[in-house]
Amino acid sequence: MAVRDEPLRRGFPIEPRVGAGLAALAAIAVLIGGAFAGMIGEAARDWSGAVSAFDGYMMRVARFTLWQAALSTLLSVVPALFVARALARHPRFFGRAAILRLFGVPLALPALVAALGVLALYGRAGYFAEPLGWLHGGRWPGIYGLSGILVAHVFFNLPLATRLFLHALETIPADQWRLAAQLGMNGRATFRLLEWPVLRASLSGVAALVFMLCITSFTIVLLLGGGPRATTLEVAIYQALRFDFDPARAIALIGLQLALVTAAIFLITRLGADAAADRGLPVAPARPALAGPLERVLNAVLILAALAFVAGPMAAIVTAGLEADLARLAADPAVHAATATSLVLAVLAAILSVSLAYAMVSARGVLAQAGRRGRPSLLERAMGEWAAFVLVIPPIVIGAGWFVLLRQTGQLFALAPVMVVTVNAVMAVPFAIRAIRPAHDAAAARHDRLAASLGMSGMSRWRLVDWPVLRRPLLTALAFAMALSLGDLGVIALFGSDAVQTLPYLLLQRMGAYRTADAAGLALFLGILCLLLMSLADTRPTARR
Amino acid sequence: MRAVSLFTSTALALAIALPAAAQDILTIYTYDSFTSDWGPGPVIEAAFEAECGCEVNFVAVADGVALLNRLRLEGQNTQADIVLGLDTNLVVEAKDTGLFVPHDISLDNVDVPGGWEDDIFVPYDYGYFAFVYDTEAVETPPASLRELVEGGPEPAIVIQDPRTSTPGLGLMLWVKHVYGDEAEAAWAQLSERVVTVTPGWSESYGLFTSGEVPMVLSYTTSPAYHIIAEETERYQAAAFEEGHYMQIELAGITTRGQENPLARQFMEFMTGPGFQDAIPETNWMYPAGATSEPLNPAFDRMVAPSQPLLFTPEEVAENRRAWVDEWLSVMSR
């Protein structure tokens, strides 16, 4: 038995935090690798589909996929930088906490619901159809096409990016703000010297995340794109697997998708830079407001504009939901069962996801400290940016691959919930990493030396040093992961869907059986559930501040 | 609900391990709207269980295509005795798996327009594709497919992608049936009316009932749902002169089911009133056999197609890829 950590270290020559990160990385690799092994085994029977995948049509699809994703990313991330900055500068802005919670809701909405919400405003028969038709000069044709895709993607990703940037901004120590105020710095100077460095550090990660989400967009692109001229590779992959069952073609298309994303992410990471975090300990309690009157008005306009954009479709979803027979839905045992299933699966997935993310963030931190000069090592990158690549693997592919591997076991029914939890957890890891990393890295830079000099490590360090700082980001990550996990079910398309009946599943099922009003009611319910989750994550610690 | 299905699936796994009990269970793979609370599954399960003194286990996947893929993946290891929910367009591919055996039952009770003969698959319901319109937005709907194609951009329609949706594939075949070699030009004209092409029926129908589009590709029997369940006559199907393309839904016995006497018993039950009674007002399709009572009068007011249109499964299997590519090249211009 190991006494202290000396003998352990000898047997296991890796720092425990790095070891945990490696284990997390290995778990993800097994999930993805296993799926590919299954797919390749199935594809090996007939590779012809892989060759025929690359025709002129697919090249056009690839081009459109990249183009819409690049534009969506630009339109989501750039405004989010300014909205986050405005929110950071006005910690007492009226309704700020509520706005931030609302910004967490789109994550949990099924794409179909969000698309219908967007169309309720800007569609052919939307609330704004008349003024838009007047501007258009004639009957408003709806926002189908690239513009519709962009509006829906910004609806999903602007709030996400804003929240992530805000987390980064909140890592700026209060002392720096005080110093800036004492030096009489104006808005531009504080932006350049204080805010931009932290924003820039998270810019590439957030942009990469949004880009990947947009590249793999499916329902929104089909529904709002106005026809098959607007389509993505993800649609082609889904079709290859789900309808043609041509694993070779699916693998070839995923290869293409991965190659394109890799190239794009390579470019995006040039945008960012890892800022050297400040090592001073924060002593000042809260930072003073710095904004002048003009800036205050501008910031308020900015925040309200973003709020209107995000809240508009949500208001449409609420309006539609209120027309449903909510009392009957609330008493429906199927709804109760689906809610319970959703919550249990989401909690499990979120805990797993945040554990994986934390292990990787922490290991990456240790590795980055060790090799501070020089370029980041391969492993460090794997635990940083590369983890996000899981988003580019369609869940249906993971589901199909594992189905093939496990079909001999005859236990597929029991495995369906396990698959849902694992895949949702892994898909949420990139979000959790984004939520945790800024606070973690800033805290590590500030506390590592002090903790080392005090001889603090293990649980006591975690309890006294890390937990107070990481509490909020960890809870946010947990809420994000839960919200995300309330949504997707693509992974069990082949496993037998009645084994795992979640709320979004019930919603789509009712929609597929003429019960549109029920579906609208369930969408409202899902939104409320997500809002509650975001509120729980936002509860401030009661003492110790 | 879920706890129950997990429980029953565990029970099923146990039962398979105990050979004595195995023959008392019938496993049916189907699509999930069949087994949902308001679908035909629960009624039919109760009716058959009362008759056979056995236990019916439904395993549901998303739709007919997923059903076939699930079967392909499982191969000879499949747990299914019966697969219920494929349609005529999937018949050739399903037979190619070699996982289905002749049903050996009499088809005398089966009644579908155009007749049915097949030694492997048995129909359990059928329907016709149609454009359903909102009477509050459309005064005179097109009276023929030609009028729809050639009549300009209004009233606008929403349709489904033939690559991902059964009705979408149905419309593509419908246009092909009516226009033949000129289908490409017809699609070019029709595309003026198409607001958007959705991946599945649900999205289209959602856009339609939310008022976004006045007309949607669906079934002739869709208005019956609105009349019976919602008591509104607002949504009606447009009758087309050329006739309406058909969809026939089928079930078949697997190689595993060959060993299970309940499988044949169920197939016979399926063609009788115990099964057929449930179809009209749960699956919103026409029964493919006699029911014990006449259908709800609302069904008499549905569009009765002048002519059922249907390609043979072989024609579809042979041409589908080429026809979809043709559709794609026009619609993605």
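Here are a few questions and answers about a predicted model.

Me: How are residues and chains labelled, and which pLDDT is needed for local features?
Reply: Residues are numbered from 1 along each chain as its sequence is written, and chains are lettered from A in the order in which they are written. In this predicted model, side-chain atom pairs count only at pLDDT 80 or more, while local features need pLDDT of at least 70.

Me: Which residue is the bridge partner of L26(B) in β2(B)?
Reply: Strands pair if DSSP finds at least two bridges between them. β1(B) pairs with strand β2 (residues 55-61) of chain B in the parallel sense over 7 bridges. There, the partner of L26(B) is V56(B).

Me: Which residue in β3(B) stands opposite Y29(B)?
Reply: Strand β3 (residues 82-87) of chain B runs parallel to β1(B), joined by 2 bridges. Opposite Y29(B) stands V83(B).

Me: What is the handedness of the crossing of α4(A) and α8(A)?
Reply: The axes of helix α4 (residues 56-89) and helix α8 (residues 146-169) of chain A, which are lines fitted to C-alpha atoms over the stretch in contact, come within 6 Å and cross at roughly 40 degrees. A crossing is right-handed if the near helix is turned clockwise from the far one by less than a right angle, and left-handed if anticlockwise. This one is right-handed.

How values were computed
Side-chain values use heavy atoms; hydrogens and water are left out. Helices (H or I, at least four residues) and strands (E, at least two) are DSSP runs, numbered from the N terminus. Axes are lines fitted to C-alpha atoms, for helices over the stretch in contact, and angles run from 0 to 180 degrees between N-to-C directions.
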